[in-house]
Amino acid sequence: MQDTLNITIRQEVNRCLLCYDAPCSKACPAHNRPDRFIRALYFQNKNGAAKLMMDANLLSGICAKSCRQRAYCQGACIRGKIDKPIDVPMIQEYLARFAEQINYLPPIQAHNGKKVIILGGNTAGLAAAVRLTEYGADAVVYHSKSPAIEQNVQLASLRRIDNKNTEDAYSLVKKFGIDCRQISITQLENIDQKNIDACIIASKEYSKWLQMRENKTRTFVTGELLSGSDSDTFAVRKGRETAENVWKYLREMGEVQ
């Protein structure tokens, strides 16, 4: 079975035109850079391909499952004008499984003593936590339900991944060093804000945080709350963009170098 999959992946990779200014990477909302990991696979560097993909986006495997039916990279693929686009989601899932087998996780900066909490365990929240951890911050994700029974179906980013994929995402970010804690809305007031440098709200259910009288923590809101996302690739982008805004704020305040 595995040999057959390897052959299928090899055949698919060999179809790639190795575009210099790859439109597939330009079209990816999550900036997964498929041209880079496909090129590495083309030259039979499987380890390098997996690392390039995971370095670009720790949640690449989740993205692949989310946008398989209408992947943005495939829509832009030049090969599609000849016969059919390269099956990038299949390659991403393949590399995600391989990265898990070799226990590879992207490098992170040394911890800088800064702590950011993320309220909401959806894809945008997890993506924000990953980005902040890469910068060296201590990221803590608060979610209202366990991944096994996650029911935040009002968020479009969760409609396209089943419970198993949600559990896999939580497991992966925990391996990355992210603390995930279950908390109810009524328990928000119990969060000690003394050592928190910033907060990200990634889910509407935690909007109460903005109304709390004692809330003095600088708070950021992911774009997902305002416009929604039609796939996890967009949720990843919005989460990371919010995390980068947080980091910019901390730098402007002189909190980090």
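This is a predicted model: local features need pLDDT of at least 70, side-chain atom pairs count only at pLDDT 80 or more; totals for chains, interfaces and linings use all residues.

Let me start with Leu18, which is partly exposed because its relative accessible area is 21%, where buried means under 20% relative accessible area, exposed means over 50%, and partly exposed is what falls in between, computed with a 1.4 Å probe on protein chains only. Leu18 sits in the loop between helix 1 and helix 2, and a helix here is a DSSP run of H or I with at least four residues, a strand being a run of E with at least two, both numbered from the N terminus. Although Leu18 is not a glycine, its phi is positive, at about 50 degrees. Most residues other than glycine have a negative phi.

Residues are numbered from 1 along each chain as its sequence is written, and side-chain values use heavy atoms, with hydrogens and water left out.

Where else is there a positive phi in a residue that is not a glycine? His31 has one, of about 55 degrees, and His31 is found in the loop between helix 2 and helix 3. With a relative accessibility of 46%, His31 counts as partly exposed.

Back in the loop between helix 1, residues 2–14, and helix 2, residues 23–27, we also find Tyr20. Is Tyr20 buried or exposed? Tyr20 counts as exposed, because its relative accessibility is 82%. Along the chain Tyr20 and Asp35 are 15 residues apart, and their C-alpha atoms are separated by 8.8 Å.

For the overall picture, the protein has 11 helices and 5 strands, and of its 257 residues 53% count as buried. If we take the contacts with a separation of 6 or more, residues 24 or more positions apart account for 68% of them, contact meaning heavy atoms within 4.5 Å.

The axes are lines fitted to C-alpha atoms, for helices over the stretch in contact, and the angles run from 0 to 180 degrees between N-to-C directions. On the helix 1 side the contact is made by Ile9, Arg10, Val13 and Asn14, and on the helix 3 side by Ile38, Leu41 and Tyr42. By class, the residues of this contact divide into 5 nonpolar, 1 polar and 1 charged, with Ala, Val, Leu, Ile, Met, Phe, Trp, Tyr, Cys and Pro counted as nonpolar, Asp, Glu, Lys and Arg as charged, and the others, Gly among them, as polar.

Helix 3, residues 34–42, also packs with helix 7, residues 88–101, at an angle of about 70 degrees and with the axes 11 Å apart, so this pair too is roughly perpendicular. Here Pro34, Phe37, Ile38 and Leu41 in helix 3 meet Val88, Ile91, Gln92 and Leu95 in helix 7. This contact has 7 nonpolar residues, 1 polar and no charged.

Helix 7 has a further partner in helix 4, residues 46–56, where the axes come within 9 Å and cross at roughly 100 degrees, which makes helix 4 roughly perpendicular to helix 7. The meeting residues include Ala49, Ala50 and Met53 in helix 4 and Leu95, Phe98 and Ala99 in helix 7. That contact has 9 nonpolar, 2 polar and 1 charged residues.

Finally, let us look further along the chain. How many of the 12 residues of helix 8 are buried? The count is 12 of the 12, so helix 8 is largely enclosed by the rest of the structure, and the buried residues include Arg131 and Glu134. Helix 8 is followed by Gly136, whose phi is positive, near 100 degrees. In helix 9, residues 163–175, lies Tyr170, which is buried, with a relative accessible area of 2%. Tyr170 and Val141 are 29 residues apart in sequence, and their C-alpha atoms are 10.0 Å apart in space.

How values were computed. Angles under 35 degrees count as roughly parallel, over 145 as roughly antiparallel, 65 to 115 as roughly perpendicular and the rest as oblique.
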